[in-house]
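Here's a friendly walk through one protein chain for anyone meeting it for the first time. Take a look at the picture, then read on.

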Amino acid sequence: MPRTTTPLAEDFLPFATAAVDFHRTLNIPAGPLVTSRTELDSLHAHLVSLHTLLDAHAGRTGALVPIEGEQLRAARTRIWQATDHVHAAYHASPRPGTAEVPDREACQAGLPEGAPELTICQRHQRTAHRVRRHTTPADLHTPFTGLIRR
């Protein structure tokens, strides 16, 4: 019976990077001047996935190489900050059709605009819960200086 090998992460990450670059190359020059809510939702999902990946690497690596683990935890925090900004951009973006801009606080209610439009809020709340378990408020609100605590 032939053995099958499981592809490693290194096999997939270059494809994810290429897909993001390909999307940018195709859609930004010829696309609309304003980012659509659909694209912001997809970008948010991408950042949440990247945050989850960095979280897993930081946990495993930090146990073996503490300094590298700290660097990965710092990267995870910065990705969360970017994710939070994309979520805010989504809420600052006008609704299709009405051009109404919803309140960001409405996100706390779950699906203030109805499904499936605000799955971004559900995803954001689930991830925010995980972030609060691993990150201090000071870490989240301190500008990155490049200095890592040891």
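Let's start with a pocket. Helix H3 (66-92), helix H4 (119-134) and helix H5 (137-141) each put at least two residues into the lining of the second largest pocket. H3 gives the most, with four residues. The space inside comes to about 250 Å³. Keep in mind that you're looking at a predicted model.

Who lines this pocket? The list is Trp 80, Gln 81, Asp 84, His 85, Ala 128, Val 131, Arg 132, Thr 135, Pro 137, Leu 140 and His 141. Sorted by class, that lining looks like this:

| Class in the lining of the second largest pocket | Count |
|---|---|
| Nonpolar | five residues |
| Polar | four residues |

Now step back to the whole chain. What is it built from, helices or strands? The protein chain has five helices and zero strands, so reading along the sequence gives α-α-α-α-α. Of its 150 residues, 27% count as buried. Its accessible surface is about 10,400 Å², and 62% of that belongs to carbon and sulfur atoms. As for who meets whom, take the contacts between residues at least 6 apart in sequence: 63% of them join residues at least 24 apart.

Next, the inside. In soluble globular proteins, nonpolar side chains tend to be buried together. Here, the largest nonpolar core has ten residues: Leu 40, Leu 47, Leu 54, Ala 58, Leu 72, Ile 79, Val 86, Tyr 90, Ile 120 and Cys 121. Helix H2 (37-64), H3 and H4 each supply at least two residues of this core.

Pick out Ile 79, one of the core residues. Which residues does Ile 79 touch, leaving aside those up to four places away in sequence? The answer is Leu 47, Leu 50, His 51 and Leu 54. Of these, Leu 47 and Leu 54 are also listed in the core.

For another isoleucine, hop over to Ile 28, found in the loop between helix H1 (9-27) and H2. Is Ile 28 buried or exposed? Ile 28 is exposed, because its relative accessible area is 51% and the cut-off for exposed is over 50%. Ile 28 still has partners: leaving out residues up to four places away in sequence, Ile 28 touches His 23 and Glu 39.

Technical notes
Residues numbered from 1 in each chain as written. Predicted model: local features only at pLDDT ≥ 70, side-chain atom pairs only at ≥ 80, totals over all residues. Heavy atoms only, no water. 1 Å grid on protein atoms, 1.4 Å probe; cavity = no way out; pocket = protein on both sides within 12 Å on 5 of 7 lines; lining within 4 Å. Points joined across faces, edges and corners; volume = space filled by probe spheres on them. Nonpolar A, V, L, I, M, F, W, Y, C, P; charged D, E, K, R; others polar. Buried < 20%, exposed > 50% of the residue type's maximum accessible area, 1.4 Å probe, protein only. Contact = heavy atoms within 4.5 Å. Areas by Shrake-Rupley, 256 points an atom, 1.4 Å probe, with all protein chains shown as cover. Core = buried A, V, L, I, M, F, W, Y, C linked by side-chain atoms within 4.5 Å.
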